[in-house]
Amino acid sequence: MAGTRAEDVVAALIRRGETVATAESLTAGLVCATLTEVPGASGAVRGGLIVYATDLKTRLAGVDPGLLAAHGAVHPEVAAQLARGARERCGANWGVGLTGVAGPDPQDGVEPGTVHFALAGDGIRTTRTLEFSGVRAEVRAASVAAALDLLREHLA
């Protein structure tokens with residue numbers, strides 16, 4: 001029987017001898033917390049950066065301030081730079097970055113439910129944009145699942 005997304009990701013990382021770190025905006029650490037609910041996750045999870053405030057995206061994760069000034073915090077390239085920053089700053093094989101709008105109100109002209117995901121690994125840079133419906137908690141939960149799916153796809 002298949003495990004949960006998080007169990008599958010942790011098992012794959014351990015099997016491969018690899019690690020992951022996150023830089024999360026709208027999920028504020030939920031991806032990392034979900035991974036660390038799995039027994040044995042300490043063998044695969046390095047940690048995470050909660051970069052909810054825009055200035056922390058630059059200070060903690062190394063996102064280009066010019067990018068933020070030009071496009072705002074909710075942009076695919078911001079997610080990509082968050083993923084790279086998580087990977088580099090936490091010393092992990094994989095970095096996962098998320099930024100988006102959980103709602104209920106738009107942010108910088110971006111509608112609630114818009115989420116940008118990114119994955120950074122050795123020679124890998126993948127971004128994905130998804131639109132979710134529902135209330136704030138539903139958007140955040142769907143974002144966690146989608147981020148884990150993105151990582152799981154690359155570990156398979």
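This is a predicted model: local features need pLDDT of at least 70, side-chain atom pairs count only at pLDDT 80 or more; totals for chains, interfaces and linings use all residues.

**Helix 5**

Now select helix 5 itself, residues 76-90. Helix 5 has 15 residues, and its first and last C-alpha atoms are 21 Å apart, close to the 21 Å expected at 1.5 Å a residue. Colour by burial and the buried residues of helix 5 come up as V78, A79, A80, Q81, L82, A83, G85, A86 and C90. As background, residues three or four places apart in an α-helix point the same way, because there are 3.6 residues a turn.

Go to A73, in the loop between helix 4 (65-71) and helix 5. Is A73 buried or exposed? A73 has a relative accessible area of 2%, so A73 counts as buried, the cut-off for that class being under 20%. Show contacts and leave out the neighbours within four places in sequence: A73 then touches T54, K57, L68, V78, T99, Q107 and D108.

Next select D64, which sits in the loop between helix 3 and helix 4. The relative accessible area of D64 is 38%, so D64 is partly exposed. Which residues does D64 contact beyond its neighbours within four places in sequence? They are T58 and Q81. Computed along the sequence, D64 and Q81 are 17 residues apart, while their C-alpha atoms lie 7.8 Å apart in space.

**Strand 3**

Select residues 94-100, which form strand 3. Seven of its seven residues are buried. In a regular strand, side chains alternate between the two faces of the sheet. Here W94, V96, L98 and G100 point one way, G95, G97 and T99 point the other way, and all are buried.

Strand 1 (residues 20-24) pairs with strand 3 in the parallel sense, over five bridges. To find one of the bridges, pick E24 and look across to L98 in strand 3. Strand 4 (residues 114-121) pairs with strand 3 in the antiparallel sense, over six bridges. Pick G100 for this pairing: V115 in strand 4 stands opposite.

**The loop between strand 3 and strand 4**

Follow the chain into the loop between strand 3 and strand 4, where P104 lies. What kind of peptide bond joins G103 and P104? The bond is cis, with omega about 15°.

D108 is in the loop between strand 3 and strand 4 as well. Phi of D108 is positive, near 50°, in a residue other than glycine. D108 counts as exposed because its relative accessibility is 58%, and the cut-off for exposed is over 50%.

Compare A28, in the loop between strand 1 and helix 2. A28 also is a residue other than glycine with a positive phi, near 45°. With 30% relative accessibility, A28 is classed as partly exposed.

**The largest pocket**

Show pockets and select the largest one. The space in the largest pocket is about 180 Å³. How many residues line the largest pocket, and which lie nearest its centre? The lining has 16 residues, and those nearest the centre are S25, L26, Y52, G100 and Q107. Helix 3 (54-59) and strand 3 each give at least two residues to the lining. By class, seven lining residues are nonpolar, six are polar and three are charged.

**Helix 6**

Finish with residues 136-155, helix 6. Helix 6 has 20 residues and spans 29 Å from its first C-alpha to its last, close to the 28 Å expected at 1.5 Å a residue. Its buried residues are V139, S143, V144, A145, A146, A147, L148, D149, L150, L151 and L155. What do the buried residues of helix 6 pack against? Select helix 1 (5-16), strand 1, helix 2 (30-36), strand 3, strand 4 and strand 5 (124-131) to see these partners.

Terms used
Residues are numbered from 1 along each chain as its sequence is written. Side-chain values use heavy atoms; hydrogens and water are left out. Buried means under 20% relative accessible area, exposed over 50%, partly exposed in between (1.4 Å probe, protein chains only). Helices (H or I, at least four residues) and strands (E, at least two) are DSSP runs, numbered from the N terminus. Two strands pair if DSSP finds at least two bridges between them. On a 1 Å grid over the protein atoms alone, a cavity is a set of points where a 1.4 Å probe fits but cannot get out, and a pocket is an open set with protein on both sides within 12 Å along at least five of seven lines; lining residues have an atom within 4 Å of a point. Grid points are joined across faces, edges and corners, and a volume is the space filled by probe spheres set on the points. Ala, Val, Leu, Ile, Met, Phe, Trp, Tyr, Cys and Pro count as nonpolar, Asp, Glu, Lys and Arg as charged, and the others, Gly among them, as polar. The expected span of a helix is 1.5 Å times one less than its number of residues. Contact means heavy atoms within 4.5 Å.
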